[in-house]
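The sequence and structure come first.

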Amino acid sequence: MITLAPASPVKKSSPSRKALALVALLTLSGSALAGCGGSGDDGDASVSPSASASETTPAPSPSTESASAPASSPATGGGAAAGPVPCTADMLAGAVENVPGGAGADGISRVLVLTNVSADGTCTVAGYPGVSYLDAAGQQVGAPAARTEGAAAGPVTLAPGQAAAAELRETVAQKYGNCQVQETASLLVYPPEDTASLTVPYPSTGCTNADIELMQVGILQAR
């Protein structure tokens, strides 16, 4: 005869254990979902290096080539044409001309004429020429001519072949006891504002005494 052992009673889960298991399961599920959602947010929030560089790189500055290019200079072709150059000694020829009725008791009035003989074009003279006596050896005799007082004249423009004239007055040398009279052969003439000179044939009589001014010269004027 077989004797059966009584079956062990089956333990039933209490409602509280089931509730705790369910809460634990829901908690785990929520943590998993939160982890997935967090990783997705991080992915959205993270910025790729290329995107960051494009967003933060400033706009390119204007080309340095165009910025460093020099500004265009104003055109010179439309400028005013240069005026005539001053007449220099090598552009002129001189002569002394008599003046009708120019002789007087104390001296003689003549005219010093300067003519543009250059082939280079027009030039100008303005003011007083410098005038002195020269002997036959080309040495200066006595004092240079003094300047006569008169109204200032403007520049005289001389085309090739044109001339300007200045009054030239001589005092008789023999009237001065201390003159030390000497024969002269020509005049040394300096055009206004020029340091070079020309020689004008003109026989006359001068004084070696440099304190005596025998000549006076006026301003050059157009003829």
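Buried means under 20% relative accessible area, exposed means over 50%, and partly exposed lies in between (1.4 Å probe, protein chains only). By that scale E170 is buried because its relative accessible area is 8%. The model is a predicted one, in which local features need pLDDT of at least 70, side-chain atom pairs count only at pLDDT 80 or more, and totals for chains, interfaces and linings use all residues. Residues are numbered from 1 along each chain as its sequence is written, and side-chain values use heavy atoms, with hydrogens and water left out.

E170 belongs to strand β9. Helices (H or I, at least four residues) and strands (E, at least two) are DSSP runs, numbered from the N terminus. Contact is used here for heavy atoms within 4.5 Å. Not counting residues up to four places away in sequence, E170 touches D106, G107, I108, R110, Y133, Y202, S204, L214 and M215.

Two side-chain polar contacts of E170 can be named. A polar contact is a pair of N or O atoms within 3.5 Å; within protein, one must be able to donate a hydrogen and the other to accept it, and residues adjacent in sequence count only if both atoms are side-chain atoms. The side chain of E170 is joined to that of R110 at 3.0 Å and to that of Y202 at 2.2 Å.

## Salt bridges

A salt bridge is a side-chain nitrogen of Lys or Arg within 4 Å of a carboxyl oxygen of Asp or Glu. The count by this rule is two.

In one of them, the side chains of R110 and E170 meet at 3.0 Å, N to O. R110 is in strand β3 and E170 in strand β9, so this pair ties together parts that are 60 residues apart in sequence. Both R110 and E170 are buried.

The side chains of E97 and R223 also form a salt bridge, at 3.0 Å from N to O. This pair links distant parts of the chain, 126 residues apart: E97 is in strand β2 (residues 92–103), and R223 is in the segment after β13 (221–222). E97 counts as partly exposed because its relative accessibility is 30%, and R223 counts as exposed because its value is 60%.

E167 is another residue of strand β9. E167 is partly exposed, with a relative accessible area of 46%. The C-alpha atoms of E167 and R110 are 6.1 Å apart, while the two residues are 57 apart in sequence. Leaving aside neighbours within four places in sequence, E167 is in contact with S109, R110, Q216, V217 and G218.

## Strand pairing

Two strands pair if DSSP finds at least two bridges between them. The table lists pairings, with the sense and the bridges of each.

| Strands | Sense | Bridges |
|---|---|---|
| β3 and β9 | antiparallel | nine bridges |
| β9 and β12 | antiparallel | three bridges |
| β9 and β13 | antiparallel | two bridges |
| β10 and β11 | antiparallel | eight bridges |
| β1 and β4 | parallel | two bridges |

G107 stands opposite T171 in β9, E170 has M215 in β12 as its bridge partner, and A164 stands opposite A222 in β13.

An open sheet of four strands has the order β6-β5-β10-β11, with antiparallel pairing. Its edge strands, each pairing on one side only, are β6 (140–141) and β11. Within this sheet, L187 has V200 in β11 as its bridge partner.

An open sheet of three strands runs in the order β1-β4-β8, with mixed pairing. Here the edge strands are β1 (85–86) and β8, each pairing on one side only. The bridge partner of P86 in β4 is T124.

## Nonpolar core

In soluble globular proteins, nonpolar side chains tend to be buried together. A nonpolar core is a set of buried Ala, Val, Leu, Ile, Met, Phe, Trp, Tyr and Cys residues joined through side-chain atoms within 4.5 Å. The largest one has 30 residues, and those with the most contacts inside it are V125, V131, L158, L187, V189 and M215. Among the strands that each supply at least two residues of this core are β3 (107–116), β9 (163–171) and β10 (181–190). β11 gives the most, with four residues.

L158 is in contact with C87, L92, L114, N116, G121, T122, C123, V125, A163 and A164, leaving aside its neighbours within four places in sequence.
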